[in-house]
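Hi,

Here is the structure I promised to pass on.

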Amino acid sequence: MSSPPSTFNHSLISNGTNRSSTERSSASIHQEVWLVSLLLVVIIGLSLNLSVISLVMMKKVPRRNMNLLVANMAFSDFLSLLLEPSSLLSQMTGNSPWIGVSYLADVTCKLYTFTMNTSTWVSLVTLLVISVERFRAVSSVVHVTEKRSVLIILLLVSWVLPGLLNSSTFAFCAANNIGGTFQCLCVFTMQSAIYAVAANVIFVLLVIVILCLNFAIIRKLVRSQVAIHIPEAQQQKRARRFRSATRMVITSLLLFVLCATPLYIVLTIFRMQFLLGVPILSEWSGNMINAVTVLFFVNPAASPIIYFVFLGDFRKVLRKFCCRKKVIGQPNAEPGLPLT
């Protein structure tokens with residue numbers, strides 16, 4: 001996985017310079033469409049992820065390990081939607097002042113970029129954590145009760161691993177004094193490009209491992225249920241819960257791959273262009289870059305929909321909410337008479 005859009009140089013986004021008035025007008029329209037699309041995706045995504053977090057924190061859904069890990073993904077996606085577009089918009093305008101005096105500006109810049117880049121990875125690593133935990137549970141011949149100590153370890157892993165993968169931001173990002181104003185910038189160097197390629201390899205490996213784990217879970221669900229020493233009714237309920245989790249993981253993973261891969265490919269091409277000094281991305285590709293950037297943010301924005309579709313606890317809350325709305329919207333009926 002290469003760096004998220006936060007490391008875009010604002011020159012990646014078409015600004016219509018050195019063009020005719022007609023071309024500038026067309027570029028302006030495209031830019032406005034891109035801006036509106038981005039804001040819609042961000043607003044919808046923030047609302048949906050906040051609703052998932054609220055349902056878990058307010059105990060509207062049971063605080064099972066699975067639901068708390070889902071809330072963890074929603075929180076990371078919320079941070080991603082909150083931090084990355086703001087950075088991207090400031091770079092697009094070419095005016096990204098960083099508040100703070102010398103040493104504070106540098107520290108806050110590094111922490112900001114570190115948090116922003118780390119949040120992009122947390123959902124993917126959490127999918128891996130869920131897959132490992134489900135595989136461990138389904139492989140056990142006895143029913144394993146959920147422990148909060150295990151949950152704490154899983155949550156730490158989901159943040160520590162992405163943090164280690166993005167620790168290079170402390171070396172490549174800094175607040176530079178440009179014209180008397182501090183700006184938070186990440187430099188492109190040979191080392192950062194090599195790191196980005198290595199991160200892409202890790203991204204591919206993670207996707208493969210998550211898929212393999214979940215296919216193995218499906219096979220074990222078919223073969224191992226009779227070996228679990230619990231009543232048949234509980235076995236069936238357990239199997240349904242495992243299948244729901246597996247479908248959620250696979251669907252979330254596919255959504256991530258479909259939405260993120262185009263942007264990662266563009267970023268990789270941009271780095272190759274930077275290193276080789278060869279103009280690979282032509283000027284007309286600005287609109288394409290804007291489009292894949294919006295597509296990238298569709299992933300954290302749409303992920304909560306997957307939770308409500310595949311996870312029974314969230315689906316029950318949604319069903320209750322919809323039924324309540326339907327009842328409230330119906331005309332008042334006389335007491336003792338059925339509604340028609």
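The chain has nine helices and two strands. Going along the sequence, the order is α-α-α-α-α-β-β-α-α-α-α. Keep in mind that this is a predicted model.

Some overall numbers, before the details. Of the 340 residues in the chain, 45% are buried. The chain exposes about 17,800 Å², and 69% of that comes from carbon and sulfur atoms. As for contacts between residues at least 6 apart in sequence, 82% of them join residues at least 24 apart.

Now to helix α4, which covers residues 148–165. S158 sits in this helix, and it counts as buried because its relative accessibility is 0%, where the cut-off for buried is under 20%. What does the side chain of S158 reach at 2.7 Å? That would be the backbone oxygen of L155. If you set aside the neighbours within four places in sequence, S158 is in contact with N72, V122, V125, T126 and V129.

There is also a nonpolar surface patch to look at, made by I152, I153, L156, V157, V160, L161 and L164. The patch comes to about 620 Å². I153, one of its members, has its place in helix α4, the helix that holds S158 as well.

On to the aromatics. The structure holds seven aromatic pairs. One of them is F203 with Y264: the ring centres are 5.6 Å apart and the planes are at 70 degrees, so the pair is edge-to-face, which takes an angle over 60. Which parts of the chain does this pair tie together? F203 lies in helix α6 (residues 190–224) and Y264 in helix α7 (residues 232–276), so the pair links parts that are 61 residues apart in sequence. Both F203 and Y264 are buried.

F296 and F297 make another edge-to-face pair, with 5.4 Å from centre to centre and 85 degrees between the planes.

Cheers

Notes. Residues numbered from 1 in each chain as written. Predicted model: local features only at pLDDT ≥ 70, side-chain atom pairs only at ≥ 80, totals over all residues. Heavy atoms only, no water. Helix = DSSP H or I, 4+ residues; strand = E, 2+ residues; numbered from the N terminus. Buried < 20%, exposed > 50% of the residue type's maximum accessible area, 1.4 Å probe, protein only. Polar contact = N/O pair within 3.5 Å; in protein donor to acceptor, adjacent residues only side chain to side chain. Contact = heavy atoms within 4.5 Å. Patch = residues over 30% accessible without salt bridge, like charges linked within 9 Å, V, L, I, M, F, W, Y side chains within 5 Å. Areas by Shrake-Rupley, 256 points an atom, 1.4 Å probe, with all protein chains shown as cover. Salt bridge = Lys/Arg side-chain N within 4 Å of Asp/Glu carboxyl O. Phe/Tyr/Trp six-rings, centres within 6.5 Å; stacked < 30°, edge-to-face > 60°.
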